[in-house]
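Here is a short briefing to read alongside the model. Take a look at the fold, then join me for a walk through a few of its details.

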Amino acid sequence: MVLDEYMWLVIVGFIIAFILAFSVGANDVANSFGTAVGSGVVTLRQACILASIFETAGSVLLGAKVGETIRKGIIDVNMYNGTEKYLMAGEVSAMIGSAIWQLIASFLKLPISGTHCIVGATIGFSLVSVGARSVRWVQLIKIVASWFISPLLSGIMSGVLFILIRFFILKKEDPVPNGLRALPLFYAATVGINTFSILYTGAPCKYLLETGCNFSMKMIAAIAIGCLILHPTTENKIGA
């Protein structure tokens with residue numbers, strides 16, 4: 001097959017990718033920043049600016065393995081050997097379907113998941129094109145299980161964290177000093193966890209692979225960067 005004949009599919013997919021990104025921003029980003037905007041921590045304009053920066057950074061630094069799973073982890077792409085044109089058309093169709101549904105859901109004010117959309121759309125076109133044998137059902141079960149496990153674990157962790165904050169900070173006679181002292185710790189934990197995620201599960205880094213950077217070095221780097229957030233100005237803020 002001469003792929004030049006299907007260059008139009010690549011161009012259409014490139015355009016649809018922007019529309020899909022717009023639909024993801026309209027819904028998934030709203031899910032992420034909804035509580036922050038609703039509580040007044042950031043304004044809507046600030047949320048849009050922060051989302052445009054950090055959503056892009058997150059996709060570049062942490063999106064490689066997720067993209068790999070969507071690309072060939074859900075369906076068996078080897079079954080399309082010799083019929084690559086159907087795989088190309090199917091992937092573009094999956095993006096179109098996902099983008100349309102997310103836009104509709106946004107207009108209907110329905111918070112949905114972009115991951116659910118693209119996974120379902122990918123499975124849908126493969127079922128129609130090749131059949132049930134093309135779907136990697138074990139991997140799909142793992143993905144679906146994560147959809148239930150993630151909110152459960154998030155709820156447990158947020159509940160435990162709130163109990164600790166309420167006991168050690170909010171119930172104190174003057175919660176402001178304790179809150180300011182705890183703030184750098186939260187910064188350090190957040191930056192450390194995100195840095196560790198980037199180093200351990202992020203985009204492949206040729207330099208790290210060549211130098212054999214192991215698990216412990218990644219953890220040390222994450223902790224070190226996180227500790228940099230523990231700035232010495234906290235006491236000055238308490239005094240002010």
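At 10% relative accessibility, Phe125 counts as buried (under 20% relative accessible area, with exposed over 50% and partly exposed in between; 1.4 Å probe, protein chains only). This is a predicted model, in which local features need pLDDT of at least 70, side-chain atom pairs count only at pLDDT 80 or more, and totals for chains, interfaces and linings use all residues. Residues are numbered from 1 along each chain as its sequence is written, and side-chain values use heavy atoms, leaving out hydrogens and water.

**Aromatic pairs**
- The structure holds three aromatic pairs (ring centres of Phe, Tyr or the six-membered ring of Trp within 6.5 Å; planes under 30 degrees apart are stacked, over 60 edge-to-face, the rest tilted).
- The rings of Phe14 and Phe18 have centres 5.2 Å apart and planes at 75 degrees, so this pair is edge-to-face.
- Phe14 is exposed at 56% relative accessibility, and Phe18 is exposed at 55%.
- Tyr80 and Phe125 form a tilted pair, with ring centres 6.3 Å apart and planes at 45 degrees.
- That pair links distant parts of the chain, 45 residues apart: Tyr80 sits in the loop between α2 and α3, and Phe125 in helix α4.
- Tyr80 counts as buried, at 1% relative accessibility.

- With 0% relative accessibility, Thr122 is buried.
- Beyond its neighbours within four places in sequence, Thr122 is in contact (heavy atoms within 4.5 Å) with Ile70, Ile75, Glu91 and Ala94.

How values were computed:
Helices (H or I, at least four residues) and strands (E, at least two) are DSSP runs, numbered from the N terminus.
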